[in-house]
Amino acid sequence: MMRKVENFDLSALNTFRMKAACACFVEYDSAAELESLDWDSLPKPVKHIGEGSNLLLTGDFPGTILHSRIDFIKYVDMGFDEVPVMVGAGVHWDRFVEETCGHGLWGAENLSLIPGEAGAAAVQNIGAYGVEVKDIISGVVCYDLKDRKKVKFSVAECGYGYRESMFKHAEGRYIVTSVLFRLSRRYNPRLDYKGIRQALGLEEHVWPEDLTPMKVRDAIIGVRRQKLPDPEELGSAGSFFKNPVVSALDFAHIIDVAKRDFGADATVPHFINPDGSIKVPAAWMIEKCGFKGAVEGGAAVYEKQPLVLINKTGSASPKDVLALENRIISAVRDRFGVELHPEVEHL
């Protein structure tokens, strides 16, 4: 049943635990309920959110916040190696991953323990340990707010890139109602990350045949829990910044700076993309600029992972987080000549 509340407190709908409210809050259980809304009567602007796990509320929202409770996982056909799975946008992401790993299906295991919902995962193109959600998406079903009708997009039409999709640039036109995933029974572990192989006790490229999606999931959960705060215990929005992608020339400059400031033997962790561009860990840059554990009011940089900003006191204000964000961006720019951009959406 649809729920509509005025002057709604959003504190429980953002993992940063920022205190903020919206003029109107609407929660719906089905695509039909969403389509039946009297859109013209809703306070504007209209914004759709998931669990608020990739969101920084910078103040009260003057319009309407929408939230999906479309909750289903349907296996289209379990009889073949390739298994299509249709998932409601309101399904908790890690519940979907756990269930599919339990069925022995490969594809989602590297994305274990990422907070949020399935619909938001498709919008954000979440990723971890060498896998992005676009790698297992076949299509996305949406409600088009402009034309007021159901629409479907193939994965090719979604415009996916690093933490990017066309949904993020459509000015809120499309609301995801369900996502079609493509999983597999075929043995297909993706263990490019050394830390995951170590957690599994494996040598490089020597993987036992009894390795299962659930075993990989358990290893990844162990690694994530060592590095990242539990949002139930410490407010955060996960990785706050995107890892910058730079040219070979810019990377050479970063190396020169590292050798100048940290010694002639200094090295820079990096990953070379197929197009020749180079991804450099933002966490490394932030730590090298001296921000590991840095504090700004009630906010701080997480001591175990500099890529994560936290609500350290439980009462940090948006102003505290924004000030810390700007200090980090300025310091990285001044030292390395690289502009960091937040992964977390500001609202």
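I began with a pair: Arg-327 and Glu-296 join their side chains in a salt bridge, 2.8 Å from N to O. My rule for a salt bridge is a side-chain nitrogen of Lys or Arg within 4 Å of a carboxyl oxygen of Asp or Glu. Arg-327 sits in helix H8 and Glu-296 in strand S17 (residues 295–296), so this pair ties together parts 31 residues apart in sequence. Helices (H or I, at least four residues) and strands (E, at least two) are DSSP runs, numbered from the N terminus.

A note to myself: this is a predicted model, where local features need pLDDT of at least 70 and side-chain atom pairs count only at pLDDT 80 or more, while totals for chains, interfaces and linings use all residues. Residues are numbered from 1 along each chain as its sequence is written, and side-chain values use heavy atoms, with hydrogens and water left out.

Next I looked up Asp-144, which forms a salt bridge with Arg-173, their closest N and O atoms being 2.9 Å apart. Is Asp-144 buried or exposed? I found Asp-144 buried, at 2% relative accessible area, whereas Arg-173 is partly exposed at 24%. Here buried means under 20% relative accessible area, exposed over 50%, and partly exposed in between (1.4 Å probe, protein chains only).

Then I turned to the largest nonpolar core, which has 49 residues. Such a core is a set of buried Ala, Val, Leu, Ile, Met, Phe, Trp, Tyr and Cys residues joined through side-chain atoms within 4.5 Å. Phe-241, Ile-254, Ile-328, Val-332 and Phe-336 touch the most other members. Helix H8 gives this core its largest share, 6 residues.
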